[in-house]
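User: I would like to go through this structure before setting up any calculations. Could you take me through it step by step?

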Amino acid sequence: MNQPNPYQDGGDYQWGPAYPPDPAEYGHGFAPAPLAPLGGQGAPGLPGAPLLMIGDITVFQDSVVTPNGTLPLKGAVWNVTDLSRTEEKTPTHAIVLAVVFSVFCLLGLLFLLMKERRTTGFVQVGVAGGGRHHTTMIPATGPETLYWVMGQVGHARLLSA
């Protein structure tokens, strides 16, 4: 830190990138991704449009594409695990209303019948085949999430047979 600044006299140093930036600098030297053709065609190297998507698992006509790689659709083994739970409780405002209105012939106790349902957790979907395995977690937004995922995986199992 005790060395003098070589650009102190205003030499040809410029802070930051040149303005406007060179178009070759966009994308940090990577070639731009090719656009997918229209008309039901998939990306180059993939067979057609995706049939269904489950989380980050994409099912094509004859292959399954995951972040871990591509595996064949025929003979793929699908697993679903429900890691969600639904809790039911009486909300705080219902208890307060029950206490306040209990002076009216105990009619306020009907507020205790109010229930609040909340679903938390994930539905785990795994696919294995061709020496590869991938698992994805789908957030459970309600009790119907499991049925939706089971329907999607059931369709994928039919395609895999």
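Analyst: A term first: two strands count as paired if DSSP finds at least two bridges between them. With that in hand, a hairpin joins β3 to β4 through two residues. Please bear in mind that this is a predicted model.

User: How many bridges does the pair β3 and β4 have?

Analyst: Strand β3 and strand β4 (residues 69-72) pair over four bridges, in the antiparallel sense.

User: Changing topic: what does the protein chain average in pLDDT?

Analyst: The average is a pLDDT of 80, and 71% of the residues score at least 70. Over residues 36-42 the value falls below 50, and that stretch has nine contacts in the model beyond near neighbours in sequence. Where pLDDT is low, the predicted coordinates should not be read in detail.

User: In which helix is confidence lowest, and in which strand is it highest?

Analyst: Helix α1 (residues 92-100) is lowest, at a mean of 88, and strand β5 (residues 77-89) is highest, at 93.

User: On to the open sheet, then. What is its strand order?

Analyst: The order is β5-β6-β7, three strands with antiparallel pairing. Both β5 and β7 (132-139) stand at the edges with a single partner strand each, so one side of each has no neighbour in the sheet. Direction ignored, neighbouring strands are turned by 10 degrees against each other on average.

User: How many bridges join β6 to β7?

Analyst: Strand β6 (residues 116-129) is joined to β7 by eight bridges.

User: Let us turn to Thr-136. Is that residue buried or exposed?

Analyst: Thr-136, which is found in strand β7, has a relative accessible area of 7%. Buried means under 20%, so Thr-136 qualifies as buried.

User: What does the side chain of Thr-136 make a polar contact with?

Analyst: The partner is the side chain of Asp-56, at 3.1 Å. Leaving aside neighbours within four places in sequence, Thr-136 is in contact with residues including Ile-54, Gly-55, Ile-57, Val-123 and Val-125.

User: Last topic: how many salt bridges does a search of the whole structure find?

Analyst: The search finds two. In one, the side chains of Arg-85 and Glu-87 meet at 2.6 Å, N to O. Arg-85 is exposed at 53% relative accessibility, whereas Glu-87 is partly exposed at 34%.

User: Which side chain does Arg-117 meet in a salt bridge?

Analyst: Arg-117 meets the side chain of Glu-88, at 2.9 Å, N to O. This pair links distant parts of the chain, with Arg-117 in strand β6 and Glu-88 in strand β5, 29 residues apart. Arg-117 counts as exposed at 65% relative accessibility, while Glu-88 is partly exposed at 45%.

Note on methods:
Residues numbered from 1 in each chain as written. Heavy atoms only, no water. pLDDT = per-residue confidence, 0-100. Contact = heavy atoms within 4.5 Å. Axes fitted to C-alpha atoms, helices over the stretch in contact; angles between N-to-C directions. Buried < 20%, exposed > 50% of the residue type's maximum accessible area, 1.4 Å probe, protein only. Polar contact = N/O pair within 3.5 Å; in protein donor to acceptor, adjacent residues only side chain to side chain. Salt bridge = Lys/Arg side-chain N within 4 Å of Asp/Glu carboxyl O.
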